[in-house]
Amino acid sequence: MLTQLVARELAAQERFFGAGTMDYVRIMWRDARGAFWGFALARRFLGYRNALDATMYHAARITATQLEDCGTCVQMTVTAARAAGVDAAIVRGLIARSPGELPPDIARVVAFTTAVVIADYAAIGELRPLIAERLGDEAMVELAMAIAAARTYPTIKRGMGLALSCSAVEVV
């Protein structure tokens, strides 16, 4: 019964995201139930957002995911961003890695996210105060969490041998 419920939920997520598969979660369920339940509980953290603007949140997630993966995880973050109402033109600018096509606040979040992912401490030191002044402390915590969380999925998939090669991303 529980196995059927998990299978239905994973199939629903695959229909929603329209990209790749949830095979990595199926493998967790099959081979490591403790890991599955830990991952299921962590999803609340992995998707947490309260004070951070949706566009900034998704800009950070798309950017961090792009820097980690060029496969289906990027498509899934794009799909989630569009479902949350992020403007398609902004998403296209994020995917193209064209800061000139983005509003200044979003371009700054992209630059900060990139600096965090590649550990460019000088850029972090320059950008963080500018963003924090605009967003506030709670949103900065959420921004850091969004960056870390976005890196989780590609890392797990690579570690499990399920990472895919580069694929085109569709912005609908």
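## The largest cavity

Met56, Asp105, Arg108, Val109, Leu130, Ile131 and Arg134 line the largest cavity. This is a predicted model, in which local features need pLDDT of at least 70, side-chain atom pairs count only at pLDDT 80 or more, and totals for chains, interfaces and linings use all residues. Residues are numbered from 1 along each chain as its sequence is written, and side-chain values use heavy atoms, with hydrogens and water left out.

The space in the largest cavity is about 40 Å³. A cavity is a set of points, on a 1 Å grid over the protein atoms alone, where a 1.4 Å probe fits but cannot get out; lining residues have an atom within 4 Å of a point. Volume is the space filled by probe spheres set on the points, which are joined across faces, edges and corners. Helix H7 (104-118) and helix H8 (121-135) each supply at least two lining residues (helices are DSSP runs of H or I, at least four residues, numbered from the N terminus).

## The largest pocket

A pocket is an open set of points with protein on both sides within 12 Å along at least five of seven lines. The largest pocket has a volume of about 380 Å³. Its lining comprises 20 residues, of which Phe17, Arg43, Arg61, Met76 and Tyr153 are the closest to the centre.

## The second largest pocket

The second largest pocket holds about 170 Å³ of space. Among its 13 lining residues, Val6, Glu9, Leu10, Phe36 and Ala40 are the closest to its centre. H1 provides the largest share of this lining, 6 residues.
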